[in-house]
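Me: I would like a close look at a single part of this protein, followed by an account of its surroundings. Please take the structure shown below as the starting point.

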Amino acid sequence: MEKTSKQYFTRKNFIVFSVVALFAILLVLVALCLDHSDTAILSTKNPIAKIADGFRFEHIAAHVQGIIGVALIAVYAVIFTVAFVFEKRLAYVNGKPQWSTKMIFIYVGTLFACIILSLGLGIVIQPQLSGENIRNFMVFLGESITIAIVLYILLGAIVVAVSMLVINFLKVGKPFEFFDSEPLDEIIEEEEPAPVSANFDESEPHPFEGFAGGAGEGVVGGGVGVGGSAVAGAVELDTREKVFPALSAIDSKYDGFTADKIISANVSLKQLCEGFRNYLARYEKLYFDIETIRMFISGLNATRLIVLEGLSGTGKTSLPRYFTKYIGGSATFLAVQATWRDRTNLLGYFNDFSKTYNETDFLSALYEANYDEDRISMFVLDEFNISRVEYYFADFLSVLEFPPEAWNLRVMQLPMGFVPPVKLEQGNIHIPQNCYFIATANKDDSTFAIADKVYDRAITIEFENRNLPFEPTEDCAPIAMGMEKLQQLFNEAVANSANAFTSDDFNKFSKVTGYIYDTFDVAVGNRVLNQISIMVPTYVACGGSKEEVLDFILARKVISKLEGRFEDYLKDGLKQLMSVLENVYGAGTFARSEKAIQNLLKKL
């Protein structure tokens with residue numbers, strides 16, 4: 001159930017609307033009964049007219065205009081009720097005081113606007129705007145409202161009495177409950193909820209005790225990690241400002257509204273790559289070859305996970321840091337610890353002792369990215385293989401395989417009656433499409449090997465050595481680049497047939513991958529092929545060639561899987577692979593792959 005449809009109008013609100021709407025209908029019916037004009041629809045001897053005679057009310061000839069005037073009052077009574085409830089709920093959902101001076105002025109202003117509009121229109125439509133006609137309309141309106149209130153109270157008392165009789169008759173011999181206990185499927189009204197534990201025998205386990213909740217459709221997570229994200233004694237939770245102080249502060253910062261879109265610079269992908277490289281050289285004194293910049297930027301279109309692997313001090317952490325600085329994005333840095341074992345190290349956990357949620361910088365930044373959806377946000381996991389990636393990052397690896405609208409992670413199972421921060425819908429946090437996860441990895445004795453399933457999902461860029469300094473000659477000042485503009489550039493690159501990975505390119509590349517599969521039993525899966533179909537045209541639009549990006553993917557995603565193998569046939573097979581590359585693409589064209597093969601041969 002979508003929170004946006006239940007956030008402002010709850011089930012209790014609709015009961016209020018129904019009560020007012022029924023009164024409005026009754027008011028119009030009473031007016032029809034009290035009309036004493038020649039054109040009256042009903043006889044003047046009807047029961048409601050007799051009640052009016054008992055009150056010694058005047059006989060007013062209201063005519064059609066008078067009936068319409070009363071109907072306008074009824075309609076605006078419903079309109080005011082809807083507006084009042086919406087304004088009150090809007091204040092509450094956004095964490096504002098509902099009865100502050102400002103809100104009271106809004107409520108009163110809405111009331112006066114409805115009264116003036118309804119009375120004004122009712123008076124204007126009268127046959128003649130004479131004092132006598134206006135006086136007759138106001139008397140008729142007052143009589144109709146008085147009789148309607150009396151009848152409404154009487155009918156309401158009868159309905160309540162009959163309902164109590166029937167309900168209690170059907171439940172004779174059963175324990176008394178004012179309302180049946182049932183799970184709420186929406187955010188309930190703002191009143192303080194009564195303790196749910198009062199409805200259960202203390203000798204029985206609490207219904208929320210140790211309950212973590214399963215993940216809904218399109219939601220990954222929900223298990224209990226360190227500290228747990230389940231809510232034991234959930235009904236004791238305080239307000240969301242106390243349970244989620246950091247996330248509630250972000251709600252207040254944006255006041256419930258998403259941030260404005262970024263006015264992006266009008267540049268191409270090629271200009272973006274060259275400008276960023278020159279910016280790094282001039283302002284940050286960091287020097288990267290243009291191929292690395294192209295791989296990094298085109299890789300953002302192929303996956304949400306980029307792995308920067310290689311020697312320490314080669315600029316792995318600096319690349320995402322300064323890219324976000326160059327385009328006006330945001331970067332969140334997390335130093336992965338060897339003790340990380342589950343998702344709570346990233347998303348936090350509920351503290352049973354303090355009854356608050358231990359929020360992390362990662363969770364806060366991910367939450368804010370849902371408000372600022374046009375700002376590119378990068379989450380840098382520094383030395384992310386110092387702990388096993390499959391432990392703490394498993395949920396992210398899984399959920400990012402879903403369609404983007406289903407990128408949801410369970411943060412906490414919410415108890416009944418608890419209103420969470422605005423963007424924490426049903427206890428789940430959404431990963432918006434402006435988020436990228438950049439991992440830096442070292443290869444030494446202090447780190448764990450990265451599993452193939454991680455490499456398959458990621459684009460891995462290797463940093464092997466430092467690049468020589470150079471002096472940029474072109475303008476390279478920082479620019480503004482929003483996610484919408486970047487995605488537009490990516491879409492245009494993929495749609496350009498001149499950049500596409502064609503069937504001829506596929507057949508040519510398949511001669512190499514087919515040999516690798518037949519000889520080494522290493523296959524190129526559909527996930528890798530999908531990445532190729534996206535990354536090739538994007539890399540070409542960045543100013544590179546198809547051969548460069550195919551060489552990169554072959555080396556990093558296929559040949560790298562031969563690491564650690566020492567079968568007898570491996571040496572001859574690698575030498576033959578060199579010949580296949582030369583025959584298909586020409587000597588030196590796939591330089592990365594040829595170098596990777598030479599490194600493997602040295603170890604055999």
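How many Å should the 13 residues of helix α10 (residues 290–302) span, and how far apart are its end C-alpha atoms?

Reply: The model is a predicted one, and the values that follow are computed from it. At 1.5 Å a residue, helix α10 should span 18 Å. The end C-alpha atoms of α10 are 19 Å apart, which agrees with that expectation.

The start of the helix shows a contact between a side chain and the backbone. There, a side-chain oxygen of Asp289 comes to within 3.2 Å of the backbone nitrogen of Glu291.

The buried residues are Thr292, Ile293, Arg294, Met295, Phe296, Ile297, Ser298, Gly299, Leu300, Asn301 and Ala302. Two residues of this list, Phe296 and Ile297, also stand out in the largest nonpolar core: of its 70 residues, they touch the most other members. The largest share of this core, 8 residues, is contributed by α21. Leaving aside residues up to four places away in sequence, Ile297 is in contact with Leu269, Leu272, Cys273, Phe323, Phe490 and Cys542. A second core of 50 residues is separate, and Phe244, Phe362, Trp407 and Tyr455 are among its members.

Side chains of opposite charge can pair when their charged atoms come close. The structure holds 17 salt bridges. One of them joins Glu484 to Lys261, with the closest N and O atoms 3.3 Å apart. Glu484 belongs to helix α17 (residues 483–495), while Lys261 sits in the loop between α8 (245–254) and α9 (269–284); the two residues are 223 residues apart and the pair thus links distant parts of the chain. Glu484 counts as partly exposed because its relative accessibility is 46%, whereas Lys261, at 58%, counts as exposed.

A further salt bridge pairs Lys325 with Glu284, the closest N and O atoms being 3.4 Å apart. This pair also links distant parts of the chain, since Lys325 lies in helix α11 (residues 318–327) and Glu284 in helix α9, 41 residues apart. Glu284 counts as buried, at 18% relative accessibility.

Another salt bridge is formed by Asp456 and Lys561, whose closest N and O atoms are 3.2 Å apart. Asp456 is in helix α16 (residues 452–457) and Lys561 in the loop between α20 (546–558) and α21 (570–585), so the pair ties together parts that are 105 residues apart in sequence. With a relative accessible area of 16%, Asp456 is buried; Lys561, with 23%, is partly exposed.

Strand β2 (residues 305–310) pairs with β10 in the parallel sense over 5 bridges. Within this pairing, Leu308 has Ile461 in β10 as its bridge partner. Because 4 of the 5 residues of β10 (residues 459–463) are buried, this strand, too, is largely enclosed by the rest of the structure.

Definitions and conventions. Residues numbered from 1 in each chain as written. Predicted model: local features only at pLDDT ≥ 70, side-chain atom pairs only at ≥ 80, totals over all residues. Heavy atoms only, no water. Salt bridge = Lys/Arg side-chain N within 4 Å of Asp/Glu carboxyl O. Buried < 20%, exposed > 50% of the residue type's maximum accessible area, 1.4 Å probe, protein only. Expected span 1.5 Å × (residues − 1). Polar contact = N/O pair within 3.5 Å; in protein donor to acceptor, adjacent residues only side chain to side chain. Pairing = 2+ DSSP bridges. Core = buried A, V, L, I, M, F, W, Y, C linked by side-chain atoms within 4.5 Å. Contact = heavy atoms within 4.5 Å.
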